Amino acid sequence: MSCAQTIIDYGLRSIGIGERLLPRADYTLCQQFTLIGSGLIWNLYFAVLALAFGFVLANLLALGKASRNPWLNRPSDAFIFVFRGSPLFIQFFLAYELLVLLPRAGIEIFGFTVQTSWMTRAWAGALIVLILNTAAYSANIFHGALMSVPRGDVEAADAYGMTGWTRFRRVIWPSMMRLAWPSYTNEAIFLFHATTLVFFSGFPAFQQQGDALYYARYFADRTFNPFVAYPIAALYFVLATLALIWLFGRVNRRLNRHLPGAVRRLRYRPLLMR
């Protein structure tokens, strides 16, 4: 089988498209690159959706934590403390055990039956855990940035007659994002790497449609050589991380485009000597 045919057969296997049976013999380098790369689709799925939903939830939690209303402040603070104070690995196991306890027939709410069996799948249950975890860490970052917004910016908004939502949308929130974005970039990278923990969690992969680490372990176990499959998985994550840094760098330049001497392009300057 040629490498091109292998890519056609296994390139989208992790999402149920292509050959269903995994290779059983003669494991080629092309097969390993293709299947591990196919599994990376799930890691990107977890990272993109968790960052998107977690970003919105983190902003709400940061505002709740900064609120003087105890009905908003205390629940937000408790949520952030619980998810930042416990390991993500344990959160996966606890969430799976709690979701399994839900009745298989569903939960009846206002006369309607809501199905819950889908929540025990990795694509849903593990995603929920990642959203809540990154929301807690990101909320703490955004809250610190919110507390560090220069007083002069707020006073200038007041001088222009801005109040309430207009002042927050046009002055406070952009300043908060500018201050928080470098730290939030690190959180996004951490979350992307943390998607590998889904493989070790209790959430099962559907019909062997696993993530990058699932296929890396498959080849490592059958070839008895972990020094090929796992470095391939690491290479994919390094390349994806570089793309993530570039994307967040573009956003950072966009947020700071009005500042004098803003950086226009990404420069890599390694420290060769101390």
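**The disulfide and the core**

A search of the whole structure turns up one disulfide, meaning a pair of cysteine sulfur atoms within 2.5 Å. This is a predicted model: local features need pLDDT of at least 70, side-chain atom pairs count only at pLDDT 80 or more, and totals for chains, interfaces and linings use all residues. Residues are numbered from 1 along each chain as its sequence is written, and side-chain values use heavy atoms, leaving out hydrogens and water.

The bond joins Cys3 to Cys30, with S to S at 2.1 Å. It links distant parts of the chain, 27 residues apart: Cys3 sits in helix α1 (residues 3-10), Cys30 in helix α2 (residues 29-66). Helices here are DSSP runs of H or I, at least four residues, numbered from the N terminus. The torsion about the S-S bond is about 85°, so the disulfide is right-handed.

The two ends can be taken in turn. Cys3 is partly exposed, at 40% relative accessible area. Cys30 counts as buried, at 16%. Buried means under 20%, exposed over 50%, partly exposed in between (1.4 Å probe, protein chains only).

Now the core. The largest nonpolar core has 62 residues; Ile36, Phe92, Leu130 and Phe142 touch the most other members. Such a core is a set of buried Ala, Val, Leu, Ile, Met, Phe, Trp, Tyr and Cys residues joined through side-chain atoms within 4.5 Å. Helices supplying at least two residues each include α2, α4 (88-100) and α7 (164-194). The largest share, twelve residues, comes from α7.

Ile36 touches residues including Ala212, Tyr215, Ile232 and Tyr236, not counting those up to four places away in sequence. Contact means heavy atoms within 4.5 Å.
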